[in-house]
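Hello,

Here is the structure I promised to pass on to you. Please have a look at it first, and then read my notes below.

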Amino acid sequence: MRRVLLIARQAYLHEVRRKSFLVAALAPIGLVVLTALLVVFVTQQGASKLPLGYVDPGGLLKPAVLSTMGDADELTAFRAYESEEQARAALEVGDIQAYYLVPADFGTALTLKACFLEKWPSDRARSDMNRFLRASLLADLDPAVRQRAAEGITLTLRTSDGRRSMDMSNPVAFMLPFLSGILFVITVMMSAGYLLQAVTAEKENRTMEMVITSVSPEQLISGKALGLVGVSLTELGIWLVTIVVGILIARPFVAELRNVGVPWDLVGIAALYFLPSFVLVAGIMITIGGLAPDYRQGQQVAGSLNLLFVAPLLVSTLLFINPDSPVLVAMTLFPTTAFAMVTMRWSFTVVPIWQLVLSWSLLVATATAAVLFAARVFRLGMLRYGQPMSLAKAVSALRTRRPRSEEARHA
Amino acid sequence: MSSVTVSHVAKSFGQVQAVRDVSFSVEPGEIFGLLGPNGAGKTTTIRMMMDIFKPDRGEISVLGGRLDEPRKDRIGYMPEERGLYRDLKLEPTLIYLATLKGVPESVARQRLEVWLKRFDLWDHRAKKVEALSKGMQQKAQVIATLLHEPDLIVIDEPFSALDPINTRLIQEVIEEQRAAGKAVIMSTHVMHQVEELCNRIVLIDKGSTVLYGEVREIKRNAAGNAVRVEGYGELGALHGVLDTRPRNGGWQMTLAPGTAPQDVLRQLAATDTFHVQRFEIAEPSLDDIFVAVVQGKETADA
């Protein structure tokens, strides 16, 4: 085990010190920071601190309710004007950012008219005006009823078995599983890419024969896989921390982010599927690495096989139409697409327990078979420097108890 | 106890019989030459010794038994198809390879400093392997083979890509290892290096042992009844000499049956017209023996 850990450490450090890793890990952070700065900049640029004026001949708006609307420092200041002429004069000299005309027949018209010079009133100012209007309309009601009516309805969908509930008023929380699924799949595929590179590098560098007199081929592969999954998890960790920090920073500005919590059920499912999915991809990549003479050729083959894993992304529109469609159910059960499909469907439906159990069992069985097959193919192909091996030969080697006939053509 | 015992091993790959019947043993404190023409089965034999291939039949014992993990740590192997991680720096690469052989990192670092300085690689330790010359990479390979102080050293073509100065350096190192009681198995096609370094050899051809024993003994056995003479003056007819041919600045004389070299030396010493500078039994070079054995076998097979 010590040697496996040594190889893992070496593979990990080798990868995380590469410029490509730093770019891949830090680029999203840069993007998030840049986007956040841009949003803050645009928001600040557009956010006027000037008061809002209003002309309310019918006395619909009640300034007394402003004290019940939260922090006075945060709330836009309101100024009442007797006539539109006065309001317009105040607007033109820059005392207010805009003014609203509240018609006397608002009860039937249900429309306010906003007047401004060049810029719209800020988002916050418009939001505050809406709240002011609603609070004023509800001012004569019983306080409990008033509060209830002001909050409006929160639609929460719960499944009949109680396993899942979804807050439909929060699109961010709703879409989070879908996005997380995509992120997890990207992580697995990234690990696979690293592994293919590591396996073919041993062949290309001609280090294989020397190293396998220190460790067994299985130890070599296990160590590399362990180190490289660590690389992917590091990358994923950096991204998740970035997202969390981004959410924390953006929360005060974006109301939808205030109620976002950790989707623990999805985290549990992802944890269950991550390892077997990684083992399955690793098995396939080690097989390709064993068959291909170099990284370039290995990558060509791997590129086509990647479709087997990213296919769920190609049919994602179907999720919005019918998340329980037979095609999606089939992809939930199919080992290479199971992880992505389960996590993506999580946003849109309740995946039945039987599908989860069957899909996970099939995934584990396939992953085990793939890694056993890969270990044998790797043994056969590890010393075939510069020589490709056909899949047919690899398969025929599986049928023999000890892969002797193809141990080395170049011996 | 022998460091390696290979006993009647055979190995085939499909229809191809790579090794038919090879046997030899290697003792501690000797340099053993594993020789043979291309495709003779040398690499397959080495790989069977290294437990990369399993023999179809026969027995192999390495360092007193089956090649398990502790024994693997006592082997330094420099294969024919070799390289280092090209995009890694030299020093961490060599330390990593030593730690895989069970050497603590701090110990590997201390030993490595000595080796790098001796091999004139100290100033290049922070460079990536791909930035080193072929000769430097070759020396780095030798360090990787020896850094964990193995008891059995198996090196395939150790002098390739080396200039004469570095060739001499590696020869010295190999001889040091022998003096330290290590067993060294060397596979090479450079016969004069085998003559200079090896105590014993095995010659494999078409998967079978065709010659095995001490280098001196093999050469002596292969020598015909001939002498080599160097000197100046007029070389007249000598009694008991059937044929005199110029060779490498001297003469090679084929003696008649029953004529001893001393008879010829006496005649040369007695003549006033020729001054002897060198007189020796004409032993064939290992190169000659190699060619004669392999070609002779081919003729016999035909």
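**What I found: the cores**

The largest nonpolar core holds 128 residues, and those with the most contacts inside it are A:Leu195, A:Val281, A:Ala282, A:Met285 and B:Leu94. Helix H10 of chain A, residues 264-291, gives the most to this core, contributing 13 residues. Apart from that core lies another one of 15 residues, among them A:Tyr54, A:Val55, A:Tyr99 and A:Met129. Please keep in mind throughout that this is a predicted model.

Leaving aside its neighbours within four places in sequence, A:Met285 is in contact with A:Ala192, A:Leu195, A:Leu196, A:Val199 and A:Ala302. As a general background point, nonpolar side chains tend to be buried together in soluble globular proteins.

**Chain A**

Chain A has 16 helices and six strands. Of its 411 residues, 33% are buried. Among the contacts in chain A with a separation of 6 or more, 76% are between residues 24 or more positions apart.

Four strands of chain A form an open sheet with mixed pairing, in the order E2-E1-E3-E4. Its edge strands are E2 (78-81) and E4 (113-115) of chain A, each pairing on one side only. From one strand to the next, the twist averages 25 degrees. Strand E1 of chain A (residues 52-55) runs parallel to E2(A), and four bridges join the two. You can find A:Gly53 with its bridge partner in E2(A), A:Arg79.

Which helix lies across this sheet? Helix H3 of chain A (residues 84-92) lies across E1, E2, E3 (98-101) and E4 of chain A, and runs at about 165 degrees to E1(A).

**Chain B**

The secondary structure here comes to ten helices and 13 strands in chain B. Buried residues make up 35% of the 302 residues in chain B, and its C-alpha atoms fill a box of roughly 70 × 50 × 35 Å along the principal axes. For contacts in chain B with a separation of 6 or more, the share from residues 24 or more positions apart is 70%.

Strand E1 of chain B (residues 4-13) pairs with strand E2 of chain B (residues 16-26) in the antiparallel sense over seven bridges, and B:Val4 stands opposite B:Val26 in E2(B). The hairpin of E1(B) and E2(B) has two residues between the strands, and B:Gly14 takes a positive phi near 65 degrees there. E1(B) is also joined by five bridges to strand E4 of chain B (residues 57-62), again antiparallel; B:Ser7 stands opposite B:Glu59 in E4(B).

Then there is helix H1 of chain B (residues 42-49), which is mostly covered, with eight of its eight residues buried. Its buried residues include B:Lys42, B:Arg47 and B:Met49. After H1(B) comes B:Asp51, whose phi is positive, near 65 degrees.

Further along, strands E11, E12, E10 and E13 of chain B form an open antiparallel sheet in the order E11-E12-E10-E13. E11 (241-247) and E13 (274-281) of chain B stand at the edges with a single partner strand each, so one side of each is left without a neighbour in the sheet. Neighbouring strands of this sheet are turned by 30 degrees against each other on average, direction ignored. Strand E10 of chain B (residues 226-233) is joined to E13(B) by seven antiparallel bridges, and B:Gly231 has B:Val276 as its bridge partner in E13(B). Helix H9 of chain B (residues 261-270) packs on the sheet, touching E10, E11, E12 (250-255) and E13 of chain B, and its direction makes about 170 degrees with that of E13(B).

**Where the chains meet**

How many residues does the contact take from each chain? It takes 25 residues from chain B and 21 residues from chain A. On the side of chain B that touches chain A, the elements giving two or more residues are H1, strand E5 (75-78) and helix H3 (90-100) of chain B. The residues of that side of chain B divide into 13 nonpolar, five polar and seven charged.

Best wishes

How values were computed. Residues numbered from 1 in each chain as written. Chains lettered and ligands numbered in written order. Predicted model: local features only at pLDDT ≥ 70, side-chain atom pairs only at ≥ 80, totals over all residues. Core = buried A, V, L, I, M, F, W, Y, C linked by C-beta atoms within 7 Å. Buried ≥ 20, exposed ≤ 12 C-beta atoms within 10 Å, placed from the backbone. Contact = placed C-beta atoms within 7 Å. Pairing = 2+ DSSP bridges. Axes fitted to C-alpha atoms, helices over the stretch in contact; angles between N-to-C directions. Nonpolar A, V, L, I, M, F, W, Y, C, P; charged D, E, K, R; others polar.
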